[in-house]
Every structure is written in C-alpha cells, then in structure tokens.
Amino acid sequence: MKLKMHLGAHAPNEGARQLARWIASECAGDLRAAARGLYITESVLQRILDGEITPSTTLGARMFTVFGAKARMFNRDASAPWFGPAPLARAA
C-alpha cells in the first residue's frame with residue numbers, strides 16, 4: 001500500500017525540498033518506498049520532510065549517493081517552493 005508524503009505550506013529547508021522532489025520523481029510519491037530505499041522508517045523520513053530533524057551522517061551519505069543532497073542543504077532555507085524550479089545561480 002502506498003503511503004503519501006505530507007508536505008507543509010512551505011519547505012522548511014533546501015534539503016527537505018530536494019528530498020521531496022526525489023520522492024515524487026523516483027518513488028512516485030510513495031513515502032514507504034523512499035524509506036525502504038534509504039533504509040529508514042517512514043516516520044523518520046516524514047520528520048525530515050517536516051524539518052523536525054536533520055539526517056545523521058550515515059543517512060546523509062546515503063542521500064548524497066542516491067540523489068545528491070549535501071548535509072548543508074538541511075541547514076539552508078529552501079530556495080524555491082516544494083516543486084518549483086530552483087533559481088539560477090547569479091552570474092559574477
């Protein structure tokens with residue numbers, strides 16, 4: 001049975017935003033499948049999406065391997081809405 005993500009009005013941080021985009025695109029929005037792929041429970045994954053907790057070093061390394069999230073992303077404000085495009089880098 002598919003377990004849906006529950007997303008707040010605004011992404012709490014850039015890491016959660018990237019994680020939600022990965023779950024939507026690679027796991028068809030299924031929180032349970034994403035949690036299995038990252039070897040964590042659904043509740044921990046939902047708490048990361050909510051911005052309540054940040055990933056451990058081990059989980060962070062797995063996330064980097066799976067979808068390119070860096071640890072500092074979970075400490076930065078979201079750069080765009082949940083599924084909006086990230087703003088382009090400014091030219092020097």
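Two packed helices are described by the angle between their axes and the distance between the axes. Here each axis is a line fitted to C-alpha atoms over the stretch in contact, and angles run from 0 to 180 degrees between N-to-C directions. The model is predicted.

α1 and α2 pack at about 110 degrees, and their axes lie 9 Å apart. Angles of 65 to 115 degrees count as roughly perpendicular. Therefore α1 is roughly perpendicular to α2. By class, six nonpolar residues make up the contact of α1 with α2, with no polar and no charged ones. The table lists them by helix.

| Helix | Residues in the contact |
|---|---|
| α1 | L19, W22 and I23 |
| α2 | L31, A34 and L38 |

Now α1 itself. The helix covers residues 14-26, 13 residues in total. At 1.5 Å a residue it should span 18 Å, and its end C-alpha atoms are 18 Å apart, so the two agree.

At the start of α1, a side-chain oxygen of N13 comes within 3.2 Å of the backbone nitrogen of G15. After α1 comes A28, with a positive phi near 55 degrees.

Which residues of α1 are buried? They are E14, G15, A16, R17, L19, A20, W22 and I23. Their cover includes α2 (31-38), α3 (42-50) and α4 (57-67).

One residue lies further along. A71 sits in the segment after α4. A71 counts as exposed because its relative accessibility is 62%, and the cut-off is over 50%.

Notes
Residues are numbered from 1 along each chain as its sequence is written. This is a predicted model: local features need pLDDT of at least 70, side-chain atom pairs count only at pLDDT 80 or more; totals for chains, interfaces and linings use all residues. Side-chain values use heavy atoms; hydrogens and water are left out. Helices (H or I, at least four residues) and strands (E, at least two) are DSSP runs, numbered from the N terminus. The expected span of a helix is 1.5 Å times one less than its number of residues. Buried means under 20% relative accessible area, exposed over 50%, partly exposed in between (1.4 Å probe, protein chains only). Contact means heavy atoms within 4.5 Å. A polar contact is a pair of N or O atoms within 3.5 Å; within protein, one must be able to donate a hydrogen and the other to accept it, and residues adjacent in sequence count only if both atoms are side-chain atoms. Angles under 35 degrees count as roughly parallel, over 145 as roughly antiparallel, 65 to 115 as roughly perpendicular and the rest as oblique. Ala, Val, Leu, Ile, Met, Phe, Trp, Tyr, Cys and Pro count as nonpolar, Asp, Glu, Lys and Arg as charged, and the others, Gly among them, as polar.
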